[in-house]
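Biologist: I would like to learn how to read one residue in its surroundings. Could you take me through it slowly?

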Amino acid sequence: MEEQRLSMLLADVPDKRIRVSHIHLDQESHPPHADRMRMGTDGKGTIESIELFPGIELSLHRYLAGRVMLRHESVPDVIEIHHCRYGRCGLKLRDRESLFLGEGDVFIQTLEQGVDSECFFPLGYYEGVNLQINLRLLDQKPPAILQEAGLDKDSLMGGICPEMRPVLLPTEHDIDHIFKDFYDKPEHLKLPYYRIKTLELLLYLSERKLAAEKETSGYQLDQLERIHQIHDYLTADLTRRPTIEELAREYHINTTALKQVFKGVYGQPIASYMKEYRIRRAMELLSGEELSVAEVAQRVGYENQSKFTAAFKQFTGEVPRDYVRRVRS
């Protein structure tokens, strides 16, 4: 599972810390974006920042956390492109709204909009790429390919971030094809791959005519607070199985909004999310030495052990007893 892989990658990072590393083009390079931010987290993470061209910086982000604070000053003429590889990421927007990216989603905004941002990770982990494009610096010494395509500061801003409004691109094949090569490359191939794929991305987005995209909208803060409270209630005691109607009455939210916002935040309908949550928790409990399969089944809300076994096998591909023998050995 991706959470376990990230846990191994971040094993040497202290709690409450974000470890940042930089690769610069030369001594006269513009200070990296990560150097101009104030950071904080309730978990831990890493940011690997690489300057690709004058004015273009790529950052790979990995976190095991519930939230990360990335605070910086307003910067004109800078476009920020986020891509979510694993997990889910909530980004604060204007007007007390938040928008959530799922796996494969791409979000574009300007750094004038993304000031003092907080990122929320509802699943407790996240891996993704962030591109910062300083159009003013890029215009001074643009890569030859962009010059050949006739792309300058104004045409890039107008094509990629029209009217300086945020844009969300749900996962799609063309975007995935570009972004998959930003990850897991050998050290000696990273810089050439990142340069090629970044230029491909800019050409693709400028041709895509994002002005035709619908303006993105988020969830209101009071809705999110209720959904987080509902999530905490459901996961605190897995033997509870309230209905949607009962939750809606208890937390003063209509059933339609409850279902829509929960899925928007956590990526799945409540029933599917809780089924998976129960099995993940069961896997943790079964990895210990003290509980039997029957005891674990009861703790995660299954009174019928055969139903627990069927659900466990559907999710993991093996029955609980085989899982216990494998992990405890």
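Predicted model: local features only at pLDDT ≥ 70, side-chain atom pairs only at ≥ 80, totals over all residues.

Modeller: Residues are numbered from 1 along each chain as its sequence is written, and side-chain values use heavy atoms, with hydrogens and water left out.

Biologist: In which helix is the place of Ser206?

Modeller: Helices are DSSP runs of H or I with at least four residues, numbered from the N terminus. Ser206 belongs to helix H6, residues 190-208, which has 19 residues and reaches 26 Å from its first C-alpha to its last, close to the 27 Å expected at 1.5 Å a residue (1.5 Å times one less than the number of residues).

Biologist: Is Ser206 buried or exposed?

Modeller: A residue is called buried under 20% relative accessible area, exposed over 50%, and partly exposed in between, with a 1.4 Å probe and protein chains only. Ser206 counts as buried because its relative accessible area is 17%, and the buried residues of H6 also include Leu202 and Leu205. Of the 329 residues of the chain, 49% count as buried.

Biologist: With which residues is Ser206 in contact, leaving aside its neighbours within four places in sequence?

Modeller: Contact means heavy atoms within 4.5 Å. With those neighbours set aside, Ser206 is in contact with Leu151 and Ile160. Within H6, a polar atom of the Ser206 side chain lies 2.9 Å from the backbone oxygen of Leu203.

Note on methods
Helix = DSSP H or I, 4+ residues; strand = E, 2+ residues; numbered from the N terminus. Polar contact = N/O pair within 3.5 Å; in protein donor to acceptor, adjacent residues only side chain to side chain.
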